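This report covers a surface patch and the charged pairs of one model. The structure is shown first.

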Amino acid sequence: MSFLSQGKAAEGPRGAYIITLCLVIISTLISGIAANELAGRYLGFSLGGYPTVQNSTAVLAVQLSPFLIGFMVMLLSVKFIQKQRIRTAFTSRARYDWSRFFFSFGCWAVFLVLLLIVGSLLGMPIEFQFDLQTFFPLLLVSVLLIPIQTTAEDLLFRGILFQGLGQSLKNGLLAVVILGGVFGWLHSGNPEVQILGKGILFYYIFSGIFLGLITHFDDGLELSMGYHVANNLFGALILTNDWQAFQTNALFIDHSVPEIGWDLLLTLIVIQPLLLFIFSKVYRWENLRDKLF
């Protein structure tokens with residue numbers, strides 16, 4: 001059974017996917033408000049949607065904490081509302097394939113490091129700023145919470161909603177495109193969009209479509225989750241700047257003038273298609289035309 005068709009196995013009430021979505025939205029909003037209130041009361045800052053305190057691990061923890069609640073609500077909803085086995089919302093395989101996760105993680109991590117090295121060689125103003133006292137807490141928070149954040153997003157967009165919408169539309173590709181667009185649109189409030197302009201949304205949209213395609217073609221979330229975790233851990237731990245959503249005490253800080261750079265274009269035009277090709281050969285994807293059309 002394909003990953004998309006596993007949505008048929010759900011035995012919950014009609015509209016169970018919509019109920020799950022509403023519960024996730026409500027719980028995430030409430031937990032976000034609560035986290036912000038607690039930060040204001042006990043930590044002395046309020047996010048107001050995005051960081052007002054820069055380079056703070058506490059800020060990152062407050063930003064990410066609502067995803068923990070949202071993720072727990074998703075798991076409970078899949079099991080008790082959709083009445084679907086939790087594994088089937090993650091993969092079509094008999095068990096979650098960690099080798100796929102780590103292969104995707106490693107591939108994208110290698111490309112990100114190469115982009116960093118090339119950028120340094122090309123003279124980008126990248127500064128090494130390692131400080132053990134600030135980096136160690138950042139490492140703990142990032143390793144604990146970023147995988148939860150990315151898994152929550154993947155489970156919602158490329159698991160629950162993909163299965164629900166794909167079954168309704170009877171078309172996996174259309175579901176991938178629609179959810180990629182929604183994934184991109186939800187990033188429209190990010191501070192980098194305010195600075196770089198709406199053009200950066202195309203990066204988020206096409207990246208969302210890419211992640212949806214590898215989920216659809218590979219019949220599981222493992223490759224998407226590995227890529228997503230590597231991407232966000234790199235942004236939190238390795239390379240930061242003073243205008244993106246995650247502003248941390250990472251190992252390096254980029255002082256470049258904010259712009260849609262060659263690295264983003266290279267990712268969309270070359271690296272993501274190359275990863276699609278690599279994954280297709282490694283995992284011997286078949287019947288892609290049937291999945292597309």
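Leu 122 is exposed, at a relative accessible area of 62%; exposed means over 50%, buried under 20% and partly exposed in between, with a 1.4 Å probe and protein chains only. Leu 122 sits in the loop between helix 3 (98-121) and strand 1 (126-128). The model is predicted: local features need pLDDT of at least 70, side-chain atom pairs count only at pLDDT 80 or more, and totals for chains, interfaces and linings use all residues. Residues are numbered from 1 along each chain as its sequence is written, and side-chain values use heavy atoms, leaving out hydrogens and water.

Leu 122 is one of the residues of a nonpolar surface patch that also includes Trp 262 and Ile 269, with about 700 Å² of accessible area together. Helix 9 (residues 262-282) gives the largest share, five residues.

Six salt bridges are found in the whole structure (a side-chain nitrogen of Lys or Arg within 4 Å of a carboxyl oxygen of Asp or Glu). Among them are these:

| Pair | Closest N and O atoms |
|---|---|
| Arg 93 and Glu 222 | 2.8 Å |
| Arg 100 and Asp 97 | 2.7 Å |

Arg 93 lies in the loop between helix 2 (57-80) and helix 3, and Glu 222 in helix 8 (residues 222-238), so their bridge ties together parts 129 residues apart in sequence. Arg 93 counts as buried at 18% relative accessibility, as does Glu 222 at 0%. Arg 93, Asp 97, Arg 100, Asp 218 and Glu 222 are linked in a network of salt bridges.

Arg 158 and Asp 154 both belong to helix 4 (residues 132-169), four residues apart, about one turn of the helix.

Note on methods:
Patch = residues over 30% accessible without salt bridge, like charges linked within 9 Å, V, L, I, M, F, W, Y side chains within 5 Å. Areas by Shrake-Rupley, 256 points an atom, 1.4 Å probe, with all protein chains shown as cover. Helix = DSSP H or I, 4+ residues; strand = E, 2+ residues; numbered from the N terminus.
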